[in-house]
Amino acid sequence: MPPIDYETEYDNRGRVPEHPEIFARWASEAAAYRAAARDAEFALAYGPSPRQTLDLFPAKDDDEMTPLALFIHGGWWRSLEPAMFSQVAAGPNARGLTEAVAGYDFCPQVSIATIIEEMRSACLWLWRKYRKRIFVYGHSAGGHLAACLLAQDWKAFASDAPVDLVPAAYAITGVYDLSPLVHVSQNSDLRLDDAEARRVSPLHWKVPAGRTLDAVVGSLESSEFLRQSKIIAEGWRARGVAARYEEIAGMNHFTIVDALSDADSAMTRRVAQLAQMVRAI
């Protein structure tokens, strides 16, 4: 069997040559949703750096019973902005969820381990504002970060937080075993060696039993991205997590998130179901 060409397998932009048009469409849709979101709050600081911010999109009838969701964008931990993803709040908002969209610092200015810490800080900021458990979902690098937030003992970081602050996550086309990324050109920014790649790979983490993970991926994605979602679902299921794997037909690495702007899509309905489950805990 020939060796795996990791450079090609993890080159999502190369596999989807129309990605500039997709990014431009995202930016336009996001700007339109931001303009229409009258009660939204933008660039709320949860940490000290300019990128450590949250955009908040409250549900129409936001109260103590409203589920709280956090979306984390992708970009290989080194690009893109929360403002490109405001439209992912459209579907969840329409289904009664209050939505936060998180930003974070980029590699190589910080490490992936630091970005994980920043996302923990974002969750704790939301907990202290709303006093609600959080449903977390994310795309690509954000899928990795969503899985990381699920596999936390939150009492180890904040005595005022519930141990299961993030009981459920929906990880969209993420990477959960980062060891292959040691061999790709993006590692010039990620700066992973074998030991660090394993340390920041949630596949290898001890995850509390009873938590819920959906690992979803587009059917048009590379064999490695399909494998990544399968191994996290299978590995965590064996450790007592309610984990499921799903391939979404006809979707590539980027178009897969478009369903979140549609309140009636299967993806949005599942996100709302998981968020309601978290609210009921």
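What share of the contacts in the chain with a separation of 6 or more comes from residues 24 or more positions apart? The share is 78%, where a contact means heavy atoms within 4.5 Å.

## Basis

This is a predicted model, in which local features need pLDDT of at least 70, side-chain atom pairs count only at pLDDT 80 or more, and totals for chains, interfaces and linings use all residues. Residues are numbered from 1 along each chain as its sequence is written, and side-chain values use heavy atoms, with hydrogens and water left out.

## Overall form

The C-alpha trace spans about 55 × 40 × 35 Å along its principal axes.

## Burial

Buried residues (under 20% relative accessible area, 1.4 Å probe, protein chains only) make up 58% of the 281 in the chain.

## Cysteines

With a disulfide defined as a pair of cysteine sulfur atoms within 2.5 Å, the count is 0. For Cys107, the closest cysteine sulfur is in Cys148, 12 Å away and therefore too far for a bond. Cys123 is likewise in no disulfide, and its nearest cysteine sulfur, that of Cys148, is 11 Å away.

Cys107 is buried, at a relative accessible area of 3%. Cys123 is buried too, at 0%.

Notes:
Buried < 20%, exposed > 50% of the residue type's maximum accessible area, 1.4 Å probe, protein only.
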